[in-house]
Amino acid sequence: MSEALLQVSNLDIHYGGIHAVRKLSLSLSAGETVALIGSNGAGKSSTLNAIMGWVKCQGGLTFSGVDLQTQASHQRNTMGLTMVPEGRGIFGRMTIHENLQIGAHTKTDKVQISEDLQRMYELFPRLAERRSQLAGTLSGGEQQMLAMARALMSRPRLLLLDEPSMGLAPIFVDRIFQLIQTIANQNTSVLLVEQNARRALEISQRAYVMETGEITLEGASADLLHDDRIRQAYLGEV
Ligand SMILES: Nc1ncnc2c1ncn2[C@@H]1O[C@H](COP(=O)(O)OP(=O)(O)OP(=O)(O)O)[C@@H](O)[C@H]1O
Ligand SMILES: [Mg+2]
């Protein structure tokens with residue numbers, strides 16, 4: 001088996017007295033899209049935040065063979081880890097163009113940055129039309145597009161997405177999932193946290209199911225789509 005791009009082993013996260021994530025292990029190979037699903041409060045965001053270095057954790061985290069526990073958050077960015085957080089985290093008082101430029105803060109090649117900006121405006125025509133508009137005035141769906149475009153400006157090797165479809169109208173949900181597919185097809189690995197379990201399973205190769213801090217099920221997404229436990233608990237079937 002090829003070496004994993006991301007390897008999480010026996011991850012524990014505590015918030016004061018709350019043991020939010022317990023002995024969680026997961027892995028992701030280069031080029032894979034992996035989904036992490038589970039109910040509210042299961043510990044999905046905490047897990048992504050730990051991978052990014054935004055919360056304290058115990059356990060093993062390696063990315064491309066490097067021990068992430070020795071790397072500060074900004075170093076993890078430079079290594080190719082980028083996350084679109086829950087709630088998107090765009091800068092509302094800056095323009096769309098400025099937000100995209102910030103996405104490239106780990107990059108120094110000006111020509112490449114300018115090409116990437118152009119690429120983003122082609123991928124997201126709505127953002128192109130609004131490039132001088134303040135990001136805070138965008139609709140929810142447009143803000144999510146901006147958050148994704150900003151993340152792509154860093155040319156991530158692994159993109160972590162925390163609930164990208166949350167709160168969006170169906171047409172934007174479709175667009176976001178198409179985009180994730182496009183990104184994945186362009187050789188970016190994706191770790192996707194989603195409430196929309198069906199869509200997440202449809203676009204991922206493998207998935208992990210989390211309940212109250214622990215992985216309770218894992219497997220090929222195509223199999224999980226037909227698993228009775230998943231259909232009952234997460235797909236509203238049976
Ligand atoms: N900063 C924090 N301080 C204290 N408790 C926290 C903190 N962040 C998360 N928690 C708790 O840890 C648990 C896991 O939260 P987390 O946000 O990781 O879950 P989640 O699976 O992302 O849930 P959701 O689907 O609602 O986004 C919850 O019980 C939550 O209340
Ligand atoms: Mg969450």
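Which residues in α1 are buried? Before the answer, some housekeeping. This is a predicted model, in which local features need pLDDT of at least 70, side-chain atom pairs count only at pLDDT 80 or more, and totals for chains, interfaces and linings use all residues. Residues are numbered from 1 along each chain as its sequence is written, and chains are lettered from A and ligands numbered from 1 in the order in which they are written.

Now α1. The buried residues there are K44, S45, S46, T47, L48, N49, A50 and I51. Buried means that 20 or more other C-beta atoms, placed from the backbone, lie within 10 Å of the residue's own; exposed means 12 or fewer, and partly exposed is in between. Helix α1 covers residues 44-52, and eight of its nine residues are buried, so the rest of the structure largely encloses it. After α1 comes G53, with a positive phi near 85 degrees.

Next, the whole chain. It has ten helices and ten strands; these are DSSP runs, H or I of at least four residues for helices and E of at least two for strands, numbered from the N terminus. Of the 238 residues, 40% are buried. The C-alpha atoms fill a box of roughly 45 × 45 × 40 Å along the principal axes.

Last, strand β6, residues 81-84. L81 and M83 point one way, T82 and V84 the other, and all are buried. In a regular strand the side chains alternate between the two faces of the sheet. β6 runs parallel to β7, residues 158-162, and four bridges join them; strands pair if DSSP finds at least two bridges between them. Opposite M83 stands L160 in β7.
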